[in-house]
Amino acid sequence: MRRSFTPLVTTYGTVPYADLDPTLPAGIVYVVMFGLMFGDAGHGLLLLALALVLRAGRPRRAAALRPLWPFVAAAGLAATLAGVAYGEFFGPTGVLPVLWLAPMEEPTRLLAAAVGLGAVLLAVAYGAGIVNRRREGGPSAALYATSGVAGAAVYLGLAALAGCVWLGQAAYGIVGASVAAVGLGLAGVGVYAGTAGGAGGIVQTGVQLFDVVVRIGSNVVSFARLAAFGLTHAALGAVVWDGTTSLADRGAAGVAAAVLIFLFGNALAFALEALVAGVQALRLEFYELFSRLFESEGRPFRPWHLPVLRLTAPAGGAEASAARAGAERGPAREEEV
């Protein structure tokens with residue numbers, strides 16, 4: 001499975017040798033986010049079937065995609081589990097009970113869960129970023145980098161301030177403001193050290209610190225798209241199912257039309273939502289998470305080897321081959337002399 005997740009990371013860049021390799025956890029996070037946005041048990045099972053087809057090497061034109069079948073299977077499994085939690089099976093057909101929440105009925109709860117998941121993922125990304133900065137540049141780089149301890153302190157401080165607003169506890173606000181101020185101070189030292197100094201360096205530092213604060217807030221809110229596109233998928237399924245049931249009671253012609261609407265509508269929803277969910281999960285992975293893990297890129301390892309020249313004997317026989325070889329070596333010896 002790790003091999004099938006490799007293109008997810010290499011598309012962003014080559015992991016430096018000293019950094020943590022995020023391939024496996026990044027793949028798991030990707031399929032979880034994909035499943036939340038593509039939550040339908042029926043569509044997830046179709047993805048699992050597609051993965052089995054790829055594993056069998058069919059169609060032949062897609063044989064090059066065979067190593068990716070575990071990735072597709074994991075995405076299908078995540079979508080299936082999310083669909084079971086949502087009670088969605090080719091839409092709100094009533095085949096499955098709602099185990100967690102129905103997206104169309106509890107959008108606020110789904111939104112809160114999506115943002116909460118994003119907050120946890122960002123905290124983990126900051127932890128991995130601290131380790132990477134420590135390995136790349138030592139303790140000072142880990143301490144002052146905006147993707148290191150300084151950035152993590154700002155993030156935790158802002159999270160505590162948000163908790164103060166949400167829970168109405170003044171203690172959270174005091175602690176959050178203090179931690180965020182310390183983080184901004186450390187980040188400011190690191191940013192200013194990379195400038196030319198003087199008034200221009202101060203202005204540049206202020207602008208970058210403001211960007212750090214704004215980016216943290218926008219990154220957390222950006223995970224709301226997990227709920228937004230999950231709602232979109234559920235809404236498309238509901239529209240298709242409503243159209244199907246409205247025609248099913250109108251005689252034989254209505255049943256035929258209902259079947260066509262059900263098949264065509266689900267095919268359209270499957271293709272459209274699979275593309276949208278795949279792109280949006282990739283966007284969250286790259287911009288919100290990988291941007292904190294990586295500050296530099298490595299180079300692909302290519303082992304050094306000697307070129308090997310293979311000669312095949314011509315059809316004229318061994319004697320003719322030896323004569324030709326001697327004729328070819330003659331001028332080479334004269335040039336060397």
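Helices (H or I, at least four residues) and strands (E, at least two) are taken as DSSP runs and numbered from the N terminus. The model is predicted, so that local features need pLDDT of at least 70 and side-chain atom pairs count only at pLDDT 80 or more, whereas totals for chains, interfaces and linings use all residues. Residues are numbered from 1 along each chain as its sequence is written, and side-chain values use heavy atoms, with hydrogens and water left out.

Pockets were identified on a 1 Å grid over the protein atoms alone, a pocket being an open set of points with protein on both sides within 12 Å along at least five of seven lines, and lining residues being those with an atom within 4 Å of a point. The largest pocket has a volume of about 510 Å³, where volume denotes the space filled by probe spheres set on the grid points, joined across faces, edges and corners. Its lining comprises 16 residues, of which Val 115, Gly 116, Ala 119, Ala 162 and Val 220 are the closest to the centre. Helices α5 (107-144), α6 (149-167) and α8 (198-222) each supply at least two lining residues, and α6 gives the most, with 7. When Ala, Val, Leu, Ile, Met, Phe, Trp, Tyr, Cys and Pro are classed as nonpolar, Asp, Glu, Lys and Arg as charged, and the others, Gly among them, as polar, this lining has 12 nonpolar, 4 polar and no charged residues.

The second largest pocket, with a volume of about 410 Å³, is lined by 17 residues, and Tyr 30, Phe 71, Val 72, Ala 75 and Gly 278 lie nearest its centre. At least two lining residues come from each of α1 (2-10), α2 (23-37), α3 (41-55), α4 (69-86) and α10 (251-293), with α10 giving the most, 5 residues. The lining has 14 nonpolar, 3 polar and no charged residues.

Glu 285 lies in helix α10 and is buried (under 20% relative accessible area, 1.4 Å probe, protein chains only). Leaving aside neighbours within four places in sequence, Glu 285 is in contact (heavy atoms within 4.5 Å) with Leu 8, Ala 26, Val 29, Tyr 30, Met 33 and Phe 290.

Thr 205, placed in helix α8, counts as buried because its relative accessibility is 8%.

Technical notes: On a 1 Å grid over the protein atoms alone, a cavity is a set of points where a 1.4 Å probe fits but cannot get out, and a pocket is an open set with protein on both sides within 12 Å along at least five of seven lines; lining residues have an atom within 4 Å of a point. Buried means under 20% relative accessible area, exposed over 50%, partly exposed in between (1.4 Å probe, protein chains only).
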